[in-house]
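Here is a short note for a colleague new to this structure. Please read it with the model open.

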Amino acid sequence: MADRFTDVSTVRTQLRDVDYLADDGISGVVYLADRLEKPVLIEGPAGTGKTQLAKSVAEMTGARLIRLQCYEGLDESKALYEWNYKKQLLRIQAERNKDGSWSDLEEDIFSDEFLLTRPLLEAIRADDPVVLLIDEVDRVEIETEALLLEILSDFQVSIPELGTIEATQIPLVFLTSNNTRELSEALKRRCLFLHVDYPDLEREKEIVLTKVPDITHNLADQVARVVRSIRQLELKKHPSVSETLDWAQTLMLLGVDHIDEQTATETVNILLKYQSDITKAVKEFGTSDELVS
Amino acid sequence: MTVTESTPILELLAGFIQELREAGLPVSLTENLDAMEAVKHIPIEDRAAFKYALAATLVKNNNHWQAFDTVFEVYFSLRGQQYTIGEDGESSSLDELEDLDDADGQGQGQGQGQGQGGGQGLTPEEMAELLYRALQSGDQSMMAGLARSAVRQYAGMEPGRPVGGTYYLYRTLRNLDLDGVLDRLMQETRDEQPDMGKLDEKLASDEYKARVEQLKKEIEAEIRRMLVADRGVEAMARTLRKPLPEDVDFMHATRDEMANLRKAIYPLTRKLAAKLARKRRHGRRGPLDFRRTVRASLSYGGVPADPKFRNPRPHKPEIMVVADISGSVAAFARFTLHLVYAISSQFSKVRSFVFIDGLDEVTRFFEGVEDISEAVHRVNTEADVVWVDGHSDYGHALGVFWEKYGKDVGPKTTVLILGDARNNYHASQSWIIKEIADKARQVHWLNPEPMSYWDTGDSIVGEYAQYCESTNEVRNLRQLEAFVEKLV
């Protein structure tokens with residue numbers, strides 16, 4: 001199933017068609033993931049469209065998105081597969097009245113019918129095209145990470161009772177990480193690495209234009225510029241792309257067509273979530289005397 | 001346009017990966033093979049995509065991006081005749097600039113051939129004018145062309161000199177007077193729109209600054225390209241090799257490196273805090289909780305099938321940080337204070353003291369403050385740490401500490417002493433450390449100097465070390481992180 005895309009620029013235009021504006025790095029890595037049949041590990045600050053990328057790729061290739069949300073305490077029965085214990089019990093009880101041999105029964109209750117597939121297994125067993133998204137992989141414990149290794153490198157799952165299940169097709173796999181901890185070398189080695197950072201001025205402006213309907217070029221340009229200036233400050237939390245969009249939306253609702261200090265000060269709390277950050281930003285808007293320092 | 005025929009791509013790649021390893025990036029064999037595989041799919045002509053393909057397979061940590069970037073630019077930069085230092089290169093650059101000029105319709109090309117010495121094309125005035133127009137319009141190709149001719153005209157590059165290019169960059173920038181141009185651009189903008197608000201003005205200035213930054217980058221790249229052409233790839237890569245952010249020495253960091261360190265410390269603390277919290281939660285289980293076990297047994301008909309355990313409550317240490325903030329070790333103290341306060345939730349109490357020859361408690365700067373870097377800044381400017389002459393005097397500072405705060409040191413307290421123990425030949429008063437060590441749980445000494453310098457000159461760290469639980473060399477973020485992790 002490889003060769004979904006013909007070249008890098010096709011990826012870019014196709015992503016654009018589903019309203020995801022990729023830069024060179026993003027489209028290049030997506031293309032490469034398809035060609036090398038390797039998972040992509042996406043890392044970067046919150047709200048820069050990491051998860052959205054996986055969703056958009058699914059949409060653009062017409063594939064089903066299978067999502068595994070990671071959290072602390074995730075184990076194989078939630079991520080890979082689980083035996084349907086209750087159904088097995090029922091089966092055994094139903095068997096009691098007849099006299100089948102034990103080995104028949106054993107073989108029977110450990111068969112496909114009693115297997116509950118979880119996202120990872122489901123992704124490699126799927127017949128239709130799928131995109132597998134393993135979200136916030138940095139939240140699982142380092143020991144649990146090992147669960148992922150087999151599926152990421154060989155696209156197979158070993159179930160002791162059933163044997164090894166190999167992928168019917170190689171799905172596109174995306175892992176996202178907010179970098180709250182260092183991922184293991186083993187995991188990183190198996191993946192292509194993509195760092196998604198805040199977009200540059202032009203791209204951010206385009207994103208605003210695509211995502212906020214009816215916004216004027218002028219306002220979008222100004223929004224992108226203000227956000228860029230704010231990101232240059234030393235803040236606890238920089239405004240993310242989604243916050244930029246919220247802000248642009250708000251400005252539209254307020255009927256603003258040109259941002260001045262007044263509006264910026266009044267609405268900056270949409271961009272920034274910490275009081276100390278807001279104070280810093282407002283102070284920055286206010287000082288005009290030492291512009292070119 | 002990129003690699004000459006005689007260098008097969010795989011060989012070049014092998015050298016490239018070798019250099020990455022030399023620079024400290026952990027490139028494994030699998031990653032190496034992946035990179036080789038990747039370049040088969042991406043044509044080298046598409047330079048941006050090629051670069052990202054290599055990065056995706058070889059660089060798995062964003063902090064290493066900069067190192068990768070430098071090596072990439074050296075190995076895969078544009079090469080060819082026009083980048084030779086000396087006579088043959090000049091004509092081509094001139095032509096290009098002339099083209100730009102003509103396209104611009106301003107006809108300034110007549111400056112060609114009349115300039116002073118070595119057939120330089122433009123007078124400084126024309127150059128300044130071009131620069132001004134390029135920055136005003138933000139025209140990419142014009143800026144690139146300008147960077148090229150500026151380097152040729154001002155850098156004064158000589159073939160064969162074993163330098164890294166910083167000197168050439170400085171010379172070029174000095175002649176271009178970018179600050180002056182920036183002023184002029186702002187003045188112009190203000191004249192055009194007199195009713196411009198503060199915000200607009202700020203935005204305009206940020207825009208111009210971004211363009212100037214870009215121009216600087218162009219110039220730097222241009223100088224690098226010429227140096228690579230002159231000195232060869234390996235030699236150049238060796239000269240430009242820089243330590244990774246986590247290996248930068250606190251005591252000898254340049255301003256840029258410092259800025260990078262400051263950026264690196266925030267994610268580091270976040271990571272560390274998450275790690276420690278996790279460790280705490282998943283530590284060993286405590287003793288049996290009898291009451292809860294009985295309670296749970298009721299649902300199994302009185303059989304204690306599900307034993308419950310008490311959550312262990314590992315004690316949180318109380319920390320006292322005593323830091324030398326005299327010039328040479330100030331940066332180190334800053335980072336350590338920052339780190340300790342950022343993970344202060346892991347400690348039951350944190351108190352901090354700074355000294356040079358006097359000593360002052362600075363805990364108050366950190367209390368109820370959201371912004372740690374602001375607090376650290378205040379420590380450096382407002383703390384009262386000078387007693388006589390502002391030269392480190394560990395003996396006196398420790399004396400003050402013992403006299404004023406010694407009673408607060410208890411069996412739960414861990415004392416961290418930060419400094420190089422260069423005492424300017426004052427009395428060491430090392431008995432105080434012994435007294436503190438007797439009362440406190442632990443005393444650790446963190447020294448930002450390389451271990452081989454300890455106890456040389458006026459360093460008397462050995463004298464203090466005999467009473468300390470441990471004496472640690474902490475020269476970079478990596479070592480600092482390792483120490484803090486051990487501590488908690």
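1. Strand 5 (residues 130–135) of chain A has 5 of its 6 residues buried, so it is largely enclosed by the rest of the structure. Buried means that 20 or more other C-beta atoms, placed from the backbone, lie within 10 Å of the residue's own. Strands here are DSSP runs (E, at least two residues) and helices are H or I runs of at least four, numbered from the N terminus.

2. This is a predicted model: local features need pLDDT of at least 70, side-chain atom pairs count only at pLDDT 80 or more, and totals for chains, interfaces and linings use all residues. Residues are numbered from 1 along each chain as its sequence is written, and chains are lettered from A in the order in which they are written.

3. Strand 5 of chain A pairs in the parallel sense with strand 2 (residues 64–69) of chain A, over 6 bridges. Pairing requires at least two DSSP bridges. A:I66 stands opposite A:L132.

4. Strand 8 (residues 172–177) of chain A also pairs with strand 5 of chain A, in the parallel sense, over 4 bridges. Here A:L132 stands opposite A:V173.

5. Now the two chains. In all, 39 residues of chain B are in contact with 35 residues of chain A. Contact means C-beta atoms, placed from the backbone, within 7 Å. Helix 10 of chain B gives the largest share of the chain B side, 8 residues.

How values were computed
Buried ≥ 20, exposed ≤ 12 C-beta atoms within 10 Å, placed from the backbone. Contact = placed C-beta atoms within 7 Å.
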